[in-house]
Amino acid sequence: MAKKTAYMGMLTALAFVLSYIEFLIPINLGIPGVKLGLANLVTIVALYTMGVKEACTLSLVRIVLNGFTFGNPAAMLYSLAGGILSLLAMIGARRIKLFSVTGVSVLGGVFHNLGQIMAAVLVVENARLLYYFPVLVLSGTLAGTVIGILAALIIKRLDKLIREQNQ
Amino acid sequence: MKKNDVILIVVLLAAALAVYGFISLFSAKNTKEAQAVVYLDGEVQGSYPLDHDTSVTIQAESGGYNILEIRDGKADITEASCPDKICVNHRPVQNRGESLVCLPNKIVVEIENGGETEIDGSTK
C-alpha cells in the first residue's frame with residue numbers, strides 16, 4: 001500500500017511536470033485546443049500498468065492541480081470536460097480489446113478534443129464552433145498517435161517493474 | 001501497433017479531411033456584405049462589416065473586455081482582459097463560419113454573410 005501511494009505520488013508529479021513543459025512551449029497554430037497532450041502519457045501508462053481507478057484519480061488530481069497553478073476556472077472547465085471524455089473513451093477502447101495502446105491513445109486524443117469543444121459550445125452558446133471539430137479530430141489523431149507510440153514503449157519497459165513493486 | 005490501430009488512424013484522418021474539405025467548399029464563399037457578428041453570452045451584441053476598417057472594444061458582463069480590430073477584410077482580437085489570451089493568439093478570421101472565441105468573457109466573434117436574416121448558429 002505504501003509503495004503504491006509512493007508510485008501514485010510519483011506519477012502525479014510526473015504528469016504535473018509534463019503539463020508544465022507543455023505550458024512552457026505552447027504549440028500555437030492559431031487554433032485553440034491543438035496540443036500534444038504530453039500528460040496523457042502518464043494517464044495511459046497508469047491505465048495499463050495499474051488500473052482504471054488509478055488512472056482516473058491521476059488525471060483528476062492533475063487537472064485540478066494544473067487548473068489552480070497555471071490556469072483559470074475557464075481553462076479548468078475545458079480540461080475537465082476533455083479529460084473525463086478522453087478517459088471514458090480510453091477505458092472503453094481498452095476493454096473492447098480491438099486496439100493496442102496506440103489506438104487507445106488516438107481515441108483518447110480525439111475524445112479529449114470533442115469534450116473541450118462541447119464545453120466551449122455550452123459556455124458560449126454557439127453551436128457554430130463545431131466548425132473547428134474536423135481540425136481538432138486531425139490534431140487529436142496525430143498527437144494521439146505520437147503519445148500512443150511513446151506510451152507503448154514505456155509500458156513495455158515498465159510493466160513488469162510496476163507490477164512487481166505493487167504486489 | 002496493431003493493424004486495427006492503423007485502420008483507426010487512417011479512417012479518422014480521412015474523415016476529418018473529408019469533412020473539412022466539405023465545410024470549406026460550401027461555406028468559404030463570402031458575399032460582399034460579410035460581417036463580423038459579436039455575440040455576448042449567446043446574444044447578438046453588434047455586427048461590423050469586414051470591408052470597413054475599425055476597432056471596437058467589447059465590454060463583457062463580467063467586467064472584462066476584448067478589442068476587436070477589422071483590417072483588410074479580416075477580423076482579429078488584438079487585446080483582451082482574459083488570462084489565457086487564446087482569442088488574441090488566434091489567427092485573424094475572414095471566411096464565413098469562422099469564429100474567435102473568448103471563453104472567460106463569453107464572447108464569440110463570428111463571420112457571417114450579410115443579408116442573412118435568421119441566426120441559425122445560436123442555441124437557445
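A salt bridge here is a side-chain nitrogen of Lys or Arg within 4 Å of a carboxyl oxygen of Asp or Glu. Keep in mind that this is a predicted model, where local features need pLDDT of at least 70, side-chain atom pairs count only at pLDDT 80 or more, and totals for chains, interfaces and linings use all residues. Side-chain values use heavy atoms, with hydrogens and water left out.

Chain A, then. Chain A has six helices and zero strands; helices (H or I, at least four residues) and strands (E, at least two) are DSSP runs, numbered from the N terminus. The C-alpha trace of chain A spans about 50 × 35 × 25 Å along its principal axes. For 167 residues, a compact globule would have a radius of gyration near 15 Å, and the 16 Å of chain A agrees with that. That radius is taken over C-alpha atoms, and the globule rule is 2.2 Å times the number of residues to the power 0.38.

How many salt bridges are there over all chains? The search of the whole structure finds three. One pairs K4(A) with E54(A), whose closest N and O atoms are 2.5 Å apart. K4(A) lies in helix α1 (residues 2-24) and E54(A) in helix α3 (residues 52-69) of chain A, so this pair ties together parts that are 50 residues apart in sequence.

Now the interface. The contact, meaning heavy atoms within 4.5 Å, takes 34 residues from chain A and 40 residues from chain B. Between them the two chains bury about 3300 Å², 64% of it on carbon and sulfur atoms. Buried area is the accessible area (1.4 Å probe) that two parts lose on being put together, summed over both. E125(A), R128(A) and Y131(A) supply 23% of the area that chain A buries against chain B, more than any other three residues.

Across this interface the rule finds zero salt bridges. On the side of chain A that touches chain B, 22 residues are nonpolar, nine polar and three charged. In that count, Ala, Val, Leu, Ile, Met, Phe, Trp, Tyr, Cys and Pro are nonpolar, Asp, Glu, Lys and Arg charged, and the others, Gly among them, polar.

Last, confidence. The predictor gives the complex an ipTM of 0.82 and a pTM of 0.75. Chain B has a mean pLDDT (the predictor's confidence in each residue, from 0 to 100) of 82. Over residues 115-124 of chain B, pLDDT stays under 50. Where pLDDT is low, the predicted coordinates should not be read in detail.

Terms used. Residues are numbered from 1 along each chain as its sequence is written. Chains are lettered from A and ligands numbered from 1 in the order in which they are written.
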